[in-house]
Amino acid sequence: MLRVENLDVWFGFPPDRVDAVKSASFTVATGETFGLVGESGSGKSTILRAIAGLIPSWSGSIEVAGKAVTGSHRDRAFYKTAQMVFQDPYASLHPRHSVDAVLSETLRLQGMGDIDRRITKLLEDVGLGRGFRFRYPHQLSGGQRQRVAIARALAAEPRLLLLDEPTSALDVSVQAEILNLLSDLRQEHGLTYVMVSHDLSVVGHMCDRLAVMQHGRILEVMDVDALRRGEGQQDYTRHLIASSLGYQRA
Amino acid sequence: MTPLLSVRDLRVTFPTRQGIFEAVRGISFDLGRERLGVVGESGSGKSMTGRAILGLVRPPGRVTAEHMRLGDQSILNLPERRMRKIRGSRISMVMQDPKFSLNPVMTIGDQIIEAYRLHAGGGKTAGRQKALEMLQAVQIRDPERVLKSYPHEVSGGMGQRIMIAMMLAPDPEILIADEPTSALDVSVRTEVLNIMDRLVRDRGMGLIFISHDLNLVAQFCDRVLIMYAGRIVETLAAKDLHNARHPYTQGLLNSLPRLDAPVDRLPVLQRQESWRDAELETYFPGGL
């Protein structure tokens with residue numbers, strides 16, 4: 001579904017050039033959930049943004065559903081294949097667009113007909129009733145906003161969802177609801193996920209395989225059983241697993 | 001022994017167009033020389049409790065209580081001038097995000113020295129000496145360089161350690177930490193917690209640790225208050241957290257994904273209307 005090879009991403013120009021991602025390679029099979037974990041500044045979100053065409057300065061090769069993409073231009077077909085959900089539902093929805101406006105705009109851009117029925121269906125899919133259709137973001141809770149953001153991503157009927165910390169701005173109880181929703185949607189629609197998170201337990205819950213990143217490099221790709229057993233090939237991975245298990249008094 | 005801080009029936013209310021909104025609805029607790037965790041979801045009133053203790057609730061918000069005492073002095077609705085004497089020197093607060101709580105146009109050294117001299121007096125040289133000591137105490141390498149840098153030149157974890165240094169410079173009796181580690185990476189988090197833990201132990205301070213992270217609080221604190229909709233629904237010794245009795249606490253614990261216990265679906269918290277107002281079973285291990 002997704003193949004990334006020798007991906008380099010940089011910002012700025014020499015002498016101030018920052019290499020955010022350095023020769024990252026991984027593949028994600030159809031139907032799989034792949035996690036990218038690491039600390040802030042490790043380049044995990046940057047990889048997603050490069051795939052989605054939000055960053056022009058990259059080199060290497062990215063193939064989505066067998067088609068190579070270039071630069072930061074993506075055609076309409078790309079967005080019918082891959083969609084992105086952002087971290088902060090408070091920032092990623094336009095404050096003066098109602099849920100209806102958000103979803104119908106996306107549907108129209110994708111050239112879909114029968115918008116009225118589709119909106120009802122989308123809202124149902126993400127567990128919001130029709131009553132939410134004409135609300136504005138400030139009338140929704142954080143979890144409900146994230147559901148709208150997920151509905152917007154699903155509007156194009158994509159096969160690949162790029163999830164950038166989808167629950168880190170939410171309470172744990174709401175996080176559980178959203179993670180369950182994502183699992184259900186994956187089964188119903190046969191979706192493939194690439195999920196960025198700093199929370200190893202969330203990645204452990206959702207993903208089949210994951211890549212551990214540090215300083216822009218992928219240190220290792222491991223499967224989730226190895227993560228559960230706390231087995232990392234690298235010291236850094238083991239350190240990360242140990243510190244995410246909680247606080248041990250020194 | 002008189003507790004460091006004693007709060008009885010604390011209420012914080014805000015007038016709104018729909019009537020009066022109660023953010024905190026009558027909570028009572030005592031703080032000794034211990035680490036007290038306050039846990040709850042967003043909107044449960046945990047941060048508002050911290051702000052009310054420091055007198056930081058802005059009008060039209062109103063704070064009422066049966067009493068709120070620091071040692072034997074009442075600190076309920078003190079005039080701003082007297083509150084300023086307490087804030088910082090006797091009770092300090094560390095906020096969530098160092099990016100927003102440090103002054104971006106002042107060097108870090110000047111900020112710590114200012115905080116220290118305001119409360120302890122003394123000359124600039126003494127202040128500078130103290131600032132260096134504090135930065136060393138929070139394990140910052142090369143404190144001379146950090147003194148001269150601006151907040152944007154340091155990382156998030158370092159910024160938070162600097163905040164802690166600044167708050168601890170005047171030797172307060174109580175430190176209120178409002179989500180001090182939520183903005184930090186896990187590996188930095190452990191470091192910051194270790195520093196706080198040591199300082200609290202060495203100086204015999206009382207710590208109020210406000211957080212949404214149940215497991216972290218259980219591992220870090222001595223005692224935990226669980227808040228729901230502006231009330232304390234349960235008080236527990238931290239080591240007993242996993243035997244929590246209130247369905248809300250249990251629900252919160254269960255909804256966390258765990259590395260060591262994989263499940264297919266996460267149990268979702270079923271909120272009950274009755275939790276808001278039901279008569280609470282008083283269950284206070286180790287006093288209030």
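What follows is a set of questions and answers on this predicted model.

Me: What radius of gyration does chain B have, and what would a compact globule with 288 residues have?
Reply: For 288 residues, the expectation for a compact globule is a radius of gyration near 19 Å. The C-alpha trace of chain B spans about 60 × 50 × 45 Å along its principal axes.

Me: Which helix gives the most residues to the side of chain B that touches chain A?
Reply: The contact draws 29 residues from chain B and 27 residues from chain A. On the chain B side, the elements that give two or more residues are helix H8 (186-203), helix H9 (214-220) and helix H10 (247-254). By class, that side has 13 nonpolar, nine polar and seven charged residues. The element that gives the most, with seven residues, is H8(B).

Me: Why do the buried residues of H10(B) lie on the same side of the helix, and what arc do they cover?
Reply: In H10(B), the buried residues are Tyr248(B), Thr249(B), Gly251(B) and Leu252(B). They lie on the same side of H10(B) because the arc that they cover around the axis is only 160 degrees.

Me: Which helix of chain A do the buried residues of H10(B) pack against?
Reply: Within chain B, the buried residues of H10(B) pack against H9, strand E10 (223-228), strand E11 (231-237) and helix H11 (274-277). Their packing also takes in an element of chain A, namely helix H6 (172-189).

Me: Is Ser183(A) buried, exposed or partly exposed?
Reply: Ser183(A) has its place in helix H6 of chain A. Its C-alpha atom is separated by 10.0 Å from that of His205(A), which is 22 residues away along the chain. A residue is called buried at 20 or more other C-beta atoms within 10 Å and exposed at 12 or fewer. Because Ser183(A) has 17 other C-beta atoms within 10 Å, it is partly exposed.

Me: Which strands stand at the edges of the six-stranded open sheet of chain B?
Reply: The order of this sheet is E7-E8-E9-E3-E10-E11 (chain B), with mixed pairing. An edge strand has a single partner strand, so one side of it is left without a neighbour in the sheet. By that reasoning the edges are strand E7 (91-94) and E11 of chain B.

Me: What is the bridge partner of Met227(B) in E11(B)?
Reply: E10(B) and E11(B) run antiparallel and are joined by six bridges. Across this pairing, Met227(B) has as its bridge partner Ile232(B).

Me: How many residues lie between E1(B) and E2(B) in the hairpin that they form?
Reply: Strand E1 (residues 5-16) and strand E2 (residues 19-31) of chain B pair in the antiparallel sense over 10 bridges. Within this pairing, the bridge partner of Ser6(B) in E2(B) is Asp30(B). The number of residues between the two strands of the hairpin is two.

Me: Which residue of E5(B) stands opposite Val7(B)?
Reply: E1(B) also pairs in the antiparallel sense with strand E4 (residues 62-64) of chain B over three bridges, and there Val12(B) has Val63(B) as its bridge partner. Four bridges join E1(B) to strand E5 (residues 67-70) of chain B, again with the strands running antiparallel. In E5(B), the residue opposite Val7(B) is Met68(B).

Me: Which are the edge strands of the four-stranded open sheet of chain A?
Reply: In this antiparallel sheet the strands follow the order E2-E1-E4-E5 (chain A). Neighbouring strands are turned by 20 degrees against each other on average, direction ignored. The strands that pair on one side only are strand E2 (18-28) and strand E5 (67-69) of chain A.

Me: What is the bridge partner of Ile62(A) in E5(A)?
Reply: Strand E4 (residues 58-64) of chain A pairs with E5(A) in the antiparallel sense, over three bridges. In E5(A), the bridge partner of Ile62(A) is Val69(A).

Notes
Residues are numbered from 1 along each chain as its sequence is written. Chains are lettered from A and ligands numbered from 1 in the order in which they are written. This is a predicted model: local features need pLDDT of at least 70, side-chain atom pairs count only at pLDDT 80 or more; totals for chains, interfaces and linings use all residues. The radius of gyration is taken over C-alpha atoms; the globule rule is 2.2 Å times the number of residues to the power 0.38. Two residues are in contact if their C-beta atoms, placed from the backbone, lie within 7 Å. Ala, Val, Leu, Ile, Met, Phe, Trp, Tyr, Cys and Pro count as nonpolar, Asp, Glu, Lys and Arg as charged, and the others, Gly among them, as polar. The arc is that of the directions from the helix axis to the C-beta atoms. Two strands pair if DSSP finds at least two bridges between them. Axes are lines fitted to C-alpha atoms, for helices over the stretch in contact, and angles run from 0 to 180 degrees between N-to-C directions.
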